[in-house]
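Me: I am new to this structure and would like a guided look at it. Could you set out the terms as we go along?

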Amino acid sequence: MTTPLTSTRAAEAARAGQTIAADRLYAKVARRLLPLLGLLYLVSYLDRSNIAFAAPNGMNEALNLSSSAFGLASGIFFLGYSVVEVPSNMALRRFGARAWLVRILVSWGVVATLTAFVTSAGQLQTARLLLGVAEAGCLPGIVFYLTLWLPKNVRTRLMAVFFVALPLSTALGAPLSGLIVQYADGLAGLPGWRAMFLLEGVPALLLAVVVWRALPDGPREARWLTEAERDWLLARVAEDEPEPSVKRRGAGWFTPRTFALGFAYFGIVYGLYALSFFLPTIIAGFQGDNGREFSIVERGLINAVPYALGAVAMLVWGRRAQRTPGAAWTVVLPAVLAGVTVPVALYMHGPLATMVVISVCAIGVLSAIPVFWALPTAMLGKEGAAAGIALVNTIGSLGGFAAPYFTGWLKDWTGSVRPGLWLTGGLLICSALIVTALRRGAPRPAEEVV
């Protein structure tokens, strides 16, 4: 693993790096790391969310799943994920990013492919639980890994570039899943939804080989950097460290502030997965409106629209937020936008009006996620960052369990999706209030553009 520079060495590196073009070096790091890390996250999100596309295309009928049973199968992934999250991220720091991410990729790829062969609701839920255990540590590990390479003001913008993999995984994955379900039906004797699980689990196994060969543990191990570039990067990252007095007052990871950040992230994640797991079912309900029937591929393309728009908004908002990394309003505004528009979608008439409002909601949720991660990385010192980021993501990930389960349970109980989505909107507003409270009275981040 990369070790921090001493203050003397950091100063020497900074002086030696005066001739280094910062923008060019950051762009070099981004080109080398973000495509691979983004692809890894894209595949992970696809493998955890493709169950939403399997549900209306034969899985629920074949396994006799009610809305609440489907919600439990969707959300139980996050229970396994949450239990193993903190120890997995601490192991990443101990064993190195490359080795641990390879372990994650191999184990989740195996479980994802075997999901194709489940024959009951219990087996599906077990497979989903194991998938969460296998994948635990992936996202917080990547977030922590980027703190080893980039200072926070640059990281805020580049995190938006990285997180664009999230909406792209649906914008690209939904049509891809539709194509597989429709045209791979009968592959190896499997119905289309089973073939989708089988084929979409393979990329994780292939990525394990690529990560092992191409991903360095940190700047010190990057052969594509010069010695001066390595020292300069490490010096800039060291400047993000809080002063010793700040560390004594609030460093560490098991603190009320860390839990508050986790609860704020819980509401945002709840909104994301309530939308992700039930949107394909909502779109399937458009069948027959205006006398139009949609094919499986067409439904996948419709599902992709909110996420394609969200990807663009995520990049634009991330660039704006880079000027004030860690500022509360950069999270609060998109969270409020999403919280307000979720219930509005319930009262739209017709597919077009409904999809317009859902797209605005997706823009809000997706824009809040990458800028949120500037908060824990700004509030926690390096010593607490690995475990602290994992704890925040652990609590937030429970929103991924709660959202599909309670949305499905409320639908079965009331016969309507409205109560579940009203709850979703309320939790998004609560997240905005928590972030506002956390940052109230804190020094305003200095305006800085890199």
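Reply: Let us begin with one term: a residue is buried when its relative accessible area is under 20%, exposed when over 50%, and partly exposed in between (1.4 Å probe, protein chains only). The model is a predicted one, in which local features need pLDDT of at least 70 and side-chain atom pairs count only at pLDDT 80 or more, while totals for chains, interfaces and linings use all residues. Residues are numbered from 1 along each chain as its sequence is written, and side-chain values use heavy atoms, with hydrogens and water left out.

Me: Is Ser-82 buried or exposed?

Reply: Ser-82 counts as buried because its relative accessibility is 9%.

Me: Where is Ser-82 placed, and what is Ser-82 in contact with?

Reply: Ser-82 belongs to helix α5, residues 67–95. Helices (H or I, at least four residues) and strands (E, at least two) are DSSP runs, numbered from the N terminus. Contact means heavy atoms within 4.5 Å. With neighbours within four places in sequence left aside, Ser-82 is in contact with Thr-394, Ser-397 and Leu-398.

Me: How many helices and strands does the protein chain have?

Reply: The protein chain has 20 helices and zero strands. Of its 450 residues, 59% are buried. Among contacts between residues at least 6 apart in sequence, 84% join residues at least 24 apart.

Me: Which residues have the most contacts inside the largest nonpolar core?

Reply: They are Met-59, Trp-108, Trp-149, Phe-372 and Trp-373, in a core of 136 residues. Helix α14, residues 256–284, gives the most to this core, with 15 residues. A nonpolar core is a set of buried Ala, Val, Leu, Ile, Met, Phe, Trp, Tyr and Cys residues joined through side-chain atoms within 4.5 Å.

Me: What does Phe-372 touch, its neighbours within four places in sequence aside?

Reply: Phe-372 is in contact with Leu-261, Ala-264, Tyr-265, Ile-268, Val-331 and Val-392.

Me: Back to α14, then. How many of its residues are buried?

Reply: α14 is mostly covered, as 22 of its 29 residues are buried. The expected span of a helix is 1.5 Å times one less than its number of residues.

Me: Where does α14 bend?

Reply: α14 bends by about 45° at Phe-278, and Pro-280, a proline, follows within four residues. The bend at a residue is the angle between axes fitted to the seven residues ending there and the seven starting there.

Me: What about α15, where does that helix bend?

Reply: α15 bends by about 30° at Val-305, with the proline Pro-306 following within four residues. This helix covers residues 296–321, and its 26 residues reach 38 Å from first C-alpha to last, close to the 38 Å expected.

Me: Which residues is Met-355 in contact with, sequence neighbours within four places aside?

Reply: Met-355 is in contact with Leu-279, Ile-283, Phe-286, Ile-302 and Pro-306. Met-355 is found in helix α17, and it counts as buried because its relative accessibility is 11%. The C-alpha atoms of Met-355 and Asn-303 are separated by 9.0 Å, although the two are 52 residues apart along the chain.

Me: Now a loop. Where is Gly-137 found?

Reply: Gly-137 is found in the loop between α7 (121–135) and α8 (138–147). At 0% relative accessibility, Gly-137 counts as buried. Apart from neighbours within four places in sequence, Gly-137 is in contact with Tyr-81, Glu-85, Ser-88, Asn-89 and Ile-104.

Me: What is the phi of Asn-64?

Reply: Asn-64 has a positive phi of about 55°, although it is not a glycine. Most residues other than glycine have a negative phi. Asn-64 is found in the loop between α4 (59–63) and α5, and is exposed, with a relative accessible area of 68%.

Me: And where does Ala-188 lie?

Reply: Ala-188 lies in the loop between α10 (165–183) and α11 (192–214). Its phi is near 55°, a positive value in a residue other than glycine. Ala-188 is exposed, with a relative accessible area of 70%.
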